[in-house]
Amino acid sequence: MANFYRETCPTIKNILLLDSEGKRVAVKYYSDDWPTTGLKLGFEKSLFSKTQKTNARTEAEITMFDNYIVVYKFIQDLHFFVTAGDEENELILATVLQGFVDAVSLLLRSNVEKAEALENLDLILLGLDEIVDGGMILETDGNVIAGKVATHSVDDGAPLSEQTISQALATARDHLARSLLR
């Protein structure tokens, strides 16, 4: 049954968030097409070089790159990319990209720039986990993605901007300890 879903559901190869120099901010690879870190970095550098001169600021652009479909968009100094095989539907990829962009915008409170993204990297990575799991698309609505990330990181009413992964783990540990002591 799992193979049936793999063959019929659209799959994502990677989601990349790069800065204005092509350096990594947040990346997730879901396939073994790039088995080493060197190959991944090479792909990112080549992709950035090909797309940096385009005007993908107002709406998403689509390109073929190394037999992959890449949908991308630039906001401020961040470059968002979604990559899939050449047999996938571009509209689905564009929907995934827009969901990622919308979720990041909500999580960063519309301050979509590199410094803010690095400061809230844990939220962005949680958002990536809510969008795609193992290459399979789970969610494309930015509001839902940001809402799920916010509920994962809530710690005794602290604002979303003050959450970290360590705080979330500490909260989970406390909840587990309380439930075991009952």
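**Aromatic pairs**

Nine aromatic pairs are present in the structure, which is a predicted model. One of them joins Phe80 and Phe100 in an edge-to-face arrangement, with 5.3 Å from centre to centre and 75° between the planes. This pair links distant parts of the chain: Phe80 belongs to strand β5 (residues 78-85) and Phe100 to helix α3 (residues 90-107), and the two are 20 residues apart.

Ring pairs also connect Tyr29, Trp34, Phe43, Phe65 and Tyr68 into a cluster.

In soluble globular proteins, nonpolar side chains tend to be buried together.

**The largest nonpolar core**

The largest nonpolar core comprises 27 residues, and Phe80 and Phe100 are among those with the most contacts inside it, together with Ile12, Ile15, Leu17 and Ile124. At least two residues of this core come from each of β1 (14-19), β2 (24-29), β4 (68-75), β5, α3 and α5 (121-131). Helix α3 contributes the most, with seven residues.

Leaving aside residues up to four places away in sequence, Ile15 touches Ala26, Val27, Lys28, Tyr30, Phe81, Val82, Val96, Phe100, Leu128, Ile131 and Val132.

**A separate core**

Another core, of 15 residues, lies apart from the largest one. Its members include Val27, Leu47, Phe48 and Tyr68. Tyr68 is also part of the cluster linked by ring pairs.

Conventions:
Residues are numbered from 1 along each chain as its sequence is written. This is a predicted model: local features need pLDDT of at least 70, side-chain atom pairs count only at pLDDT 80 or more; totals for chains, interfaces and linings use all residues. Side-chain values use heavy atoms; hydrogens and water are left out. Rings of Phe, Tyr and Trp (its six-membered ring) pair if their centres lie within 6.5 Å; planes under 30 degrees apart count as stacked, over 60 as edge-to-face and the rest as tilted. Helices (H or I, at least four residues) and strands (E, at least two) are DSSP runs, numbered from the N terminus. A nonpolar core is a set of buried Ala, Val, Leu, Ile, Met, Phe, Trp, Tyr and Cys residues joined through side-chain atoms within 4.5 Å. Buried means under 20% relative accessible area, exposed over 50%, partly exposed in between (1.4 Å probe, protein chains only). Contact means heavy atoms within 4.5 Å.
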